[in-house]
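This report describes a single protein chain for a reader who has the sequence and the structure at hand. Please look over the whole chain before turning to its parts.

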Amino acid sequence: MENLNSNDVFCEKKCKTCGETFEIKVGEKKFYDDHGFELPNRCKACRDKRKAKSSEKKSQDK
Ligand SMILES: [Zn+2]
């Protein structure tokens with residue numbers, strides 16, 4: 001095994017939404033690999049915003 005710490009930066013990506021550069025940690029990369037997910041195209045802040053928005057919408061729906 002490579003001597004990688006899960007808190008090390010695996011790579012940097014540019015957020016699709018705000019254009020900010022954000023880091024993918026080794027631990028996150030492993031999480032996405034384990035679940036067969038693609039690496040995210042948005043920074044955490046934008047993902048959280050989207051999440052908050054969709055749950056807000058849900059609570060408003062009757
Ligand atoms: Zn962003």
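## Contacts across the chain

Among the contacts in the protein chain that link residues at least 6 apart in sequence, 29% join residues at least 24 apart. The model is a predicted one, and this should be kept in mind throughout the report.

## Overall form

The protein chain contains two helices and two strands, and when these are read along the sequence they follow the pattern β-β-α-α. The radius of gyration of the protein chain is 15 Å, well over the 11 Å that the globule rule gives for 62 residues, so the chain is more spread out than a compact globule.

Another way to describe the extent of the protein chain is to follow its C-alpha trace along the principal axes, where it spans about 50 × 25 × 15 Å. As for burial, 2% of the 62 residues of the protein chain count as buried.

## The two strands

Strand E1 takes in residues 9-14, while strand E2 takes in residues 21-25. The two strands pair in the antiparallel sense, and five bridges are found between them. Within this pairing, Lys13 stands opposite Phe22, a residue of E2.

E1 and E2 form a hairpin with six residues between the strands, and in this hairpin Gly19 takes a positive phi near 80°. How many of the six residues of E1 are buried? The count is zero, and strand E1 is accordingly described as hardly covered.

## Asp8, in the segment before E1

Asp8 is found in the segment that precedes E1. Is Asp8 buried or exposed? A residue counts as exposed if 12 or fewer other C-beta atoms lie within 10 Å of its own, and Asp8 has 12 C-beta neighbours inside 10 Å, so Asp8 counts as exposed.

Which residues is Asp8 in contact with, once its neighbours within four places in sequence are left aside? They are Lys25 and Val26.

Key:
Residues numbered from 1 in each chain as written. Predicted model: local features only at pLDDT ≥ 70, side-chain atom pairs only at ≥ 80, totals over all residues. Buried ≥ 20, exposed ≤ 12 C-beta atoms within 10 Å, placed from the backbone. Helix = DSSP H or I, 4+ residues; strand = E, 2+ residues; numbered from the N terminus. Pairing = 2+ DSSP bridges. Rg over C-alpha atoms; globule rule 2.2 N^0.38 Å. Contact = placed C-beta atoms within 7 Å.
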